[in-house]
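Hi,

Here is the structure I promised to pass on to you. My notes on it follow just below.

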Amino acid sequence: MIAPLLELENVTIRFGGLVAVSEVNLRVGDGELIGLIGPNGAGKTTVFNMITGVYQPTDGKIIFGGKPTACQKPHVLTKRGMARTFQNIRLFGSMSVFDNVRAATQLHRSHGIRQALWRGRSHQTSEKEVEDRVLELLEVFSLQDYRDELAKSLPYGGQRRLEIVRAMATQPKLLLLDEPAAGMNPSEKEDLMHLIEFIRKRFGMAILLVEHDMKVVMGICERIAVLEYGRKIAEGTPKEIQCHPKVIEAYLGAAAV
Amino acid sequence: MSRIFKDPRLLLLIAIAGAVVAGLSADKMNPYYSGVVIDIGIAIILAVSLNLINGHTGQFSLGHAGFMSVGAYVSAMITLALQKSIGPAALPWAFLPALVAGGVVAALAGLLVGVPSLRLKGDYLAIVTLGFGEIIRVIFQNVEAAGAASGLSGIPRLTGLTWTFTLVAVTVYVVGCLVNSTYGRGFIAVHDDEVAASSMGLNPTRYKVTAFVIGAFFAGIAGGLFAHHKTSITPQVFDFMKSFEVVVMVILGGMGRTAGVILAAILLTLAPEFLRAVAEYRMIIYALLIIFMMIARPQGLFNFERKKKPLAH
Ligand SMILES: Nc1ncnc2c1ncn2[C@@H]1O[C@H](COP(=O)(O)OP(=O)(O)OP(=O)(O)O)[C@@H](O)[C@H]1O
Ligand SMILES: [Mg+2]
């Protein structure tokens with residue numbers, strides 16, 4: 001069997017006395033679209049932070065592309081092919097929409113200080129390539145008209161989309177989306193989900209999606225993992241998850257509190 | 001800027017040509033005025049280079065006078081030694097290499113200080129760089145070869161308008177070209193959000209240290225120009241107040257805005273020359289200006305960039 005793109009083995013993290021994530025196992029194969037759901041505080045964002053190297057798991061192993069990720073910094077892991085968005089939007093506030101995406105193209109470029117200072121022909125060609133690629137990505141997400149606006153000044157939904165564009169500019173094999181539709185109205189959500197399906201096909205990457213809206217997640221994910229209090233309580237196809245007793249209990253329980 | 005002038009190299013050449021012409025006509029100039037203009041040039045180099053560290057990259061360094069002093073002492077010791085061995089006639093040829101040597105040693109000091117910046121943020125970094133500046137000063141105060149407390153004097157007067165403004169042009173070119181490139185957006189990304197920057201594959205540590213090294217290099221160059229302009233230097237010249245003055249220029253100019261920072265450097269150098277009262281109460285006025293600015297114009301006193309209308313939500 002081919003090793004999956006991403007594999008979590010008994011991953012656990014403790015913050016002081018709090019076990020935020022406990023013995024979670026998860027696999028994401030090439031090109032898969034997997035949902036990660038669970039009530040507030042279940043540990044979804046923490047799982048993302050461990051995968052991307054922001055936190056180190058206290059226990060367990062994370063393997064990406066066949067190699068462990070232990071002790072690697074986020075920027076190294078991004079170079080290895082993963083990129084993320086943030087639940088609480090973290091755009092580069094003082095830069096334009098265009099520059100936000102442009103900054104995220106640098107990691108695979110060989111051009112650095114020397115070319116920036118020399119300003120030769122190859123610098124111009126390379127900068128032009130970057131520009132074309134950024135504009136192409138902005139167009140996919142209908143942001144091309146805002147290219148020179150400050151990222152901060154975009155409407156909320158636009159900022160969320162820009163976060164995805166910026167992550168995609170790093171050319172990931174795995175895209176981690178942390179509540180990309182939060183704060184959107186139902187029709188915007190619908191559009192975004194179709195867009196996510198579309199980019200997955202077009203750019204051929206795997207996506208791990210955290211989203212609260214069950215309808216949305218059920219609609220597009222192939223497989224869904226459910227977290228509660230840091231533990232994985234269920235995993236399966238949307239159909240299986242929908243009628244899983246533990247999941248119903250977790251969500252009803254959460255609603256009852 | 002980059003859209004109007006497609007090739008910044010052309011601008012650099014024009015600026016250098018301008019510096020040469022200015023240098024040729026300097027003989028007719030009142031030496032007091034040309035002296036002030038050189039002071040302004042040195043201030044611009046200091047402010048624009050600190051702007052890379054504090055403005056664009058968002059690190060709070062208070063060590064610029066320290067880097068400046070390293071460049072001043074190293075270059076002055078070189079030209080003083082050469083003056084004895086090869087005589088004054090050949091000295092002008094040795095000036096640029098001496099300046100660069102001062103810049104390189106200052107850059108090494110920048111590397112040394114940049115490394116703790118991996119771990120420290122904001123106030124803590126400010127304190128470390130402040131401490132570094134003071135340590136450097138105490139070292140020069142106690143090293144006999146550097147003249148100890150009385151410093152160095154009899155430094156050949158090699159700094160003229162040509163060298164000063166050629167190096168101003170080079171500094172502005174280097175910082176401008178660096179920041180205005182895809183690579184250079186990384187400095188600003190680190191300034192805006194370090195976590196997001198590293199999640200986009202940019203190495204924040206690398207950018208911070210690079211900013212420190214390049215910023216310190218040009219502070220060292222400015223120090224060399226300063227030493228060969230004043231012809232004598234003492235450790236006291238490069239105290240905390242000097243660093244603070246440059247920080248004020250960067251803040252008033254609007255962190256990360258090169259044009260504003262240059263304007264601030266010019267005005268803050270001129271003000272004490274024209275208003276004696278200002279010279280005496282300079283530090284109090286600077287402090288008041290910063291407080292006023294934080295309240296009324298947080299984007300910088302001399303930052304006149306048109307405010308963009310926020311889009312409808
Ligand atoms: N750095 C940290 N230090 C201490 N506790 C933390 C830290 N990060 C997360 N936690 C805790 O871990 C638990 C899981 O948080 P996490 O943000 O992962 O939940 P989540 O599933 O993303 O929730 P939400 O749906 O609200 O985003 C919470 O109890 C949270 O308080
Ligand atoms: Mg979360």
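T45(A) counts as partly exposed, at 26% relative accessibility, and Q87(A) falls in this class too, at 31%. (Buried is under 20% relative accessible area, exposed is over 50%, and partly exposed is in between, with a 1.4 Å probe and protein chains only.) These two residues are the protein donors of the magnesium ion (ligand 2), through OG1 of T45(A) and OE1 of Q87(A), at 1.9 to 2.1 Å from the ion. Since T45(A) sits in helix α1 (residues 44-51) of chain A and Q87(A) in the loop between β6 (82-84) and α3 (97-103) of chain A, the pair ties together parts that are 42 residues apart in sequence. Donors here are N, O and S atoms within 2.8 Å of the metal (3.2 Å for Na, K and Ca); water is not among the atoms, so sites may look incomplete. Helices (H or I, at least four residues) and strands (E, at least two) are DSSP runs, numbered from the N terminus.

A word on the source: this is a predicted model, in which local features need pLDDT of at least 70 and side-chain atom pairs count only at pLDDT 80 or more, while totals for chains, interfaces and linings use all residues. Residues are numbered from 1 along each chain as its sequence is written, chains are lettered from A and ligands numbered from 1 in the order in which they are written, and side-chain values use heavy atoms, with hydrogens and water left out.

Staying with chain A, an automatic or database assignment divides it into domain 1 (1-81 + 172-257) and domain 2 (92-166). Their centres, taken over C-alpha atoms, are 27 Å apart. Domain 1 of chain A gives 17 residues to the contact and domain 2 of chain A gives 11, where contact means heavy atoms within 4.5 Å.

Now to chain B. Is L167(B) buried or exposed? L167(B) is buried, with a relative accessible area of 8%, and belongs to helix α6 (residues 161-179) of chain B. Leaving out residues up to four places away in sequence, L167(B) touches I45(B), L99(B), I221(B) and L225(B). The C-alpha atom of L167(B) is 24 Å from that of M241(B), 74 residues away along the chain.

Happy to talk any of this through.

Best wishes
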